[in-house]
Structure formats: C-alpha cells, structure tokens
Amino acid sequence: MIVSIQGTLAAATPLHATIEINGLGYGVNIPVTTAEKLPAAGSNVKLHTVAIYREDSQTLYGFATTEERDFFQLMINNVSGIGPKSALTIMSKLSLASLESAIRMGDIATLSKCPGIGKKTAERLVVELRGKLGTGTATGDSPIATNASGEPQAAGDSRIRDAVLALAALGYKTAAADEAIRRANLALGPKATTEQLIKKALG
C-alpha cells in the first residue's frame with residue numbers, strides 16, 4: 001500500500017502533479033484544493049496518497065493532508081455512486097472544512113453545488129458519512145512542502161478549517177464561510193491565527 005510519496009515536484013496542473021524520485025516520474029491525481037498548496041516546481045514535496053488498482057490501470061491520488069486523504073477514502077468506500085473521480089471533483093469544489101461542516105449540518109444545497117452531484121447523492125453523503133467524521137486515523141494537518149531532509153517548511157491549514165467551522169456555528173452557510181475565511185487568509189497571510197481569521201472575516 002502506497003500511503004505517501006515524496007520527491008521533487010516536476011510539474012503540476014490544477015488536477016495533476018508529477019513527482020520525480022530517483023529519475024522516475026510518478027503521476028498523481030490531485031484535487032484543486034491540494035494544487036493550491038503546492039510549492040513551485042523544483043521544490044521538494046510530499047503528498048499523502050491512495051492507490052487505486054484496476055485490471056487495466058494503477059492510479060495514485062494525492063492530498064496535502066492525511067485528513068483529506070482519509071476523507072477521500074471515506075467517500076469512495078462508504079457512499080454508493082461516489083468513485084475516485086467524483087470524489088476528487090467534490091474535494092476540488094469545496095475545502096475539507098466546508099465538506100465536513102455541510103455533512104454535519106445536513107446542508108444538501110451546498111453539497112449539491114459540486115459538479116455531477118445531485119440531490120440524492122448529496123443526501124447519501126450526509127446519511128453515510130455524518131456518523132463517521134472524525135473517526136479516521138489522521139493525526140493532524142501535514143505540510144506538503146518539505147526541505148531536502150523531509151522536514152516541514154510550513155504549517156498545515158487546521159486554523160482555516162477551525163475558522164470555517166466557527167463561522168458555520170455562527171449561522172454562516174458553509175460555502176460562504178469558506179469563501180470568507182479564504183479571503184481573510186489571503187489578506188492576513190499564513191501566520192494569522194484562527195481567531196484573527198475569524199475577526200477579519202466578520203469585518
């Protein structure tokens with residue numbers, strides 16, 4: 001089982017990354033939310049992965065954090081009608097914080113905004129995953145940019161997730177909360193605390 005991959009980021013698009021290790025290039029499918037966190041090409045990078053084996057293919061899916069990887073696995077293993085491709089689409093449209101909040105709150109409208117996800121599939125996401133959130137083996141957000149020794153260069157985004165959940169608890173729709181916190185993070189920078197992000201988002 002391949003649970004992570006670390007090497008030099010050779011190239012990346014919003015849905016795909018190529019990581020070189022000892023002269024070999026590994027293609028990894030990624031969600032847009034992971035692509036947004038990738039360092040510049042040529043940097044050392046680590047992704048948490050899920051390997052899907054079919055009769056005619058072997059495909060790697062990579063994520064910035066263990067939480068995102070585990071959520072991807074929760075969807076494809078527990079929700080009828082959700083395969084790797086549709087799960088990646090969902091995670092490209094909404095951040096993990098927004099997805100978890102929408103599922104906990106039964107926010108079908110937000111989940112239905114994901115391309116290819118209708119009302120029935122959104123309802124299945126809520127029914128099948130609401131009781132399973134937080135039961136995975138993830139130990140915390142993991143940085144994807146590393147130095148040559150594999151040591152982290154930047155912190156993960158647990159502060160963003162916590163800030164989005166806080167706004168949702170105040171009555172914000174999950175999509176609106178996610179957008180507000182993302183804007184606050186862009187304005188304040190990566191050193192902003194959860195509390196500072198919330199205050200900025202609230203204006």
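Predicted model: local features only at pLDDT ≥ 70, side-chain atom pairs only at ≥ 80, totals over all residues.
Helix α4 spans residues 96-105 and is mostly covered, with eight of its 10 residues buried. The buried positions are L96, A97, S98, L99, E100, S101, A102 and I103. Packing against these buried residues involves several helices, namely α2 (66-78), α3 (84-93), α5 (108-112), α6 (119-129), α7 (158-169) and α8. After α4 comes G106, which has a positive phi, near 65 degrees.

Helix α8, one of the packing partners of the buried α4 residues, covers residues 174-188 and includes N185. The relative accessible area of N185 is 18%; because the cut-off for burial is under 20%, N185 is classed as buried. Apart from neighbours within four places in sequence, the contacts of N185 are with R159, I160, P190 and L197.

L188 also lies in helix α8. Its relative accessibility is 39%, and L188 therefore counts as partly exposed, a class that falls between the limits of 20% and 50%. When residues up to four places away in sequence are not counted, L188 touches Q196, L197 and K200. Of these, K200 is 12 residues from L188 in sequence, and the C-alpha to C-alpha distance between L188 and K200 is 8.3 Å.

Definitions and conventions:
Residues numbered from 1 in each chain as written. Heavy atoms only, no water. Helix = DSSP H or I, 4+ residues; strand = E, 2+ residues; numbered from the N terminus. Buried < 20%, exposed > 50% of the residue type's maximum accessible area, 1.4 Å probe, protein only. Contact = heavy atoms within 4.5 Å.
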